[in-house]
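Please have the model open in your viewer, with a selection tool ready. Each stop tells you what to select next and what is there.

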Amino acid sequence: MQTHLRPMSLGEILDHTAQLYRTNFVLFAGIAAVYAGAVLVLNLLQIAIAEVLRHLHMTRELPWVTLGFLIIILPLIFIFAGAAVAANNRAVAWVNLDQPATIRGAYLSILPRIGRYLWLMTMIAFFIYIPFVLISIAYFVFLFIYAMPRKLFVPGGASANTQSTIVLALVPLAFGILALGAIAYAIVMALRYSLSLPASVLEDLTARKAIRRSIDLSKGSRGRIFVLGLLISFIQLGLVAITQVVFIVFAFKQHGQLPAWAQIAQQIVGFFTNSFIGPMYATGLTLFYYDQRVRKEGFDIEMMMEAAGMTAPQPTAEAVPIAVLPWPELDLAPRPAPGPEPSPAPSPAQPVAEAEPPAPAAESAPPQPPEGTTPESPHG
């Protein structure tokens, strides 16, 4: 049995995450490098298109071309990200159970069901961000329908209508309050659904079943999962800040415009950063999935029984179901004492012999007097 298949505290999960990541760095970084490499190629292509438009003096078309390119590449980035996270979950499960794992094997194992995993991630994103999206849409509709016709954004236009100015000041405040509520809602829902993808990958569940499974498994540990996400987020933000600070300072000196060579260097550094920090959170969530199964379902005992060969065998296709086998009913009524066995019935081929009549009984002799006495004469 693996010694780490036991209930673990948050500190032990973090330590085990770092241990797995350190001992299998090439495996996890290689899985994340597929996603990071796709992002690198797409970003370099975008830089090349922008440079071509500048050389052709088509800078006016640059924003529209960039927007169209983003609309095209964002779904591709989503697909590669989903595949990388699912492959990482599979690889973590293998190494956590001391099984061999490879980059190619992890991707091949999830490709047949990649559509299911992408649909699951889409459902989760919808449930998490729909309140914030609706609030943002309502705010922008208010700006375009109410504020812009009244020229509230034009200098001096707001003073012409005091009521409109008050409304324009209160609506952003209400939007800020609602946005904070939407963010809190998103965090709560993200914690509820945090174990959905590991459950779908490792238990072969559909999207809806995986979501219900995550809600059940995450109960009682959502606070620990939140702390895990918070710590890993700080680590990721720190590494990104350290690796990108040079380019941020250089862009500030160039008035926000980076030359092409600096943009290419920035994307290359981003590739290594994404490959290094990408698998951290997915690895921790997979370990949380196993920890919750150990706590709630005795998964460690199940693995011990399986290793000892004590698991009940699966019925074969030729086996007769138990439901169709005859099962005698119990007769608890009292039974009579056993008697002599009846004689077998005569065979019809043999005639039955006629019973002989019983012999007549012999006449009884008169009683004899006792010895030493004479019989009395009837005449005296």
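Select helices α2 and α3: each of them supplies at least two residues of the lining of the second largest cavity. Before going further, note that this is a predicted model, in which local features need pLDDT of at least 70 and side-chain atom pairs count only at pLDDT 80 or more, while totals for chains, interfaces and linings use all residues. Residues are numbered from 1 along each chain as its sequence is written, and side-chain values use heavy atoms, with hydrogens and water left out.

Now highlight the lining itself: Q46, I49, A50, L62, V65, T66 and F69. Which helix gives the largest share of this lining? Helix α3 does, with 4 residues. The space inside has a volume of about 30 Å³, and there are 2 cavities of 30 Å³ or more in the count. A cavity is a set of points on a 1 Å grid over the protein atoms alone where a 1.4 Å probe fits but cannot get out; a pocket is an open set with protein on both sides within 12 Å along at least five of seven lines, and lining residues have an atom within 4 Å of a point. Points are joined across faces, edges and corners, and a volume is the space filled by probe spheres set on them.

Color the lining by class and you will find 5 nonpolar, 2 polar and no charged residues. Here Ala, Val, Leu, Ile, Met, Phe, Trp, Tyr, Cys and Pro count as nonpolar, Asp, Glu, Lys and Arg as charged, and the others, Gly among them, as polar.

## Zoom out: the whole chain

Show the protein chain as a cartoon: its secondary structure comes to 12 helices and 0 strands. Helices (H or I, at least four residues) and strands (E, at least two) are DSSP runs numbered from the N terminus. Of the 380 residues, 34% count as buried; buried means under 20% relative accessible area, exposed over 50%, and partly exposed in between, with a 1.4 Å probe and protein chains only.

While helix α2 is still in view, pick A38, which is found there. A38 is buried, at a relative accessible area of 12%.

## The largest pocket

Next, select V85, M121, Y129, Y281 and L285, which lie nearest the centre of the largest pocket among its 46 lining residues. The volume is about 1,400 Å³. Helix α9 gives the most to this lining, with 11 residues, and the helices that supply at least two residues each include α10 (260–277) and α11 (279–297). By class, the lining has 33 nonpolar, 13 polar and no charged residues.

## A nonpolar patch outside

Switch to a surface view and color F132, L180, I183, I187, F226, V227, L230, L231, F234 and L237: together they form a nonpolar patch with about 910 Å² of accessible area. The elements giving two or more residues to it are α6 (162–192) and α9 (222–253), and α9 has the largest share, 6 residues. F132 sits in helix α5 (residues 114–147) and is partly exposed at 33%. Patches use residues with over 30% relative accessible area and no salt bridge, joining like charges within 9 Å and nonpolar side chains (Val, Leu, Ile, Met, Phe, Trp, Tyr) within 5 Å. Areas come from the Shrake-Rupley method with a 1.4 Å probe, and for residues only the protein chains shown count as cover.

## Salt bridges

How many salt bridges are there? The count comes to 7, each a side-chain nitrogen of Lys or Arg within 4 Å of a carboxyl oxygen of Asp or Glu.

- Select R293 and E203, whose closest N and O atoms are 4.0 Å apart. This pair links distant parts of the chain, with R293 in helix α11 and E203 in helix α7, 90 residues apart.
- Select D291 and R295, which meet at 2.8 Å, N to O. Both lie in helix α11, 4 residues apart; D291 is buried at 2%, whereas R295 is partly exposed at 42%.
- Select R113, R116 and D204, which are linked in a network of salt bridges.

## Last stop: two loops

Stay on D204, in the loop between α7 and α8 (207–218). D204 has a positive phi of about 55 degrees although it is not a glycine. Finish at D98, in the loop between α3 and α4 (103–110), with a positive phi of about 60 degrees. Most residues other than glycine have a negative phi.
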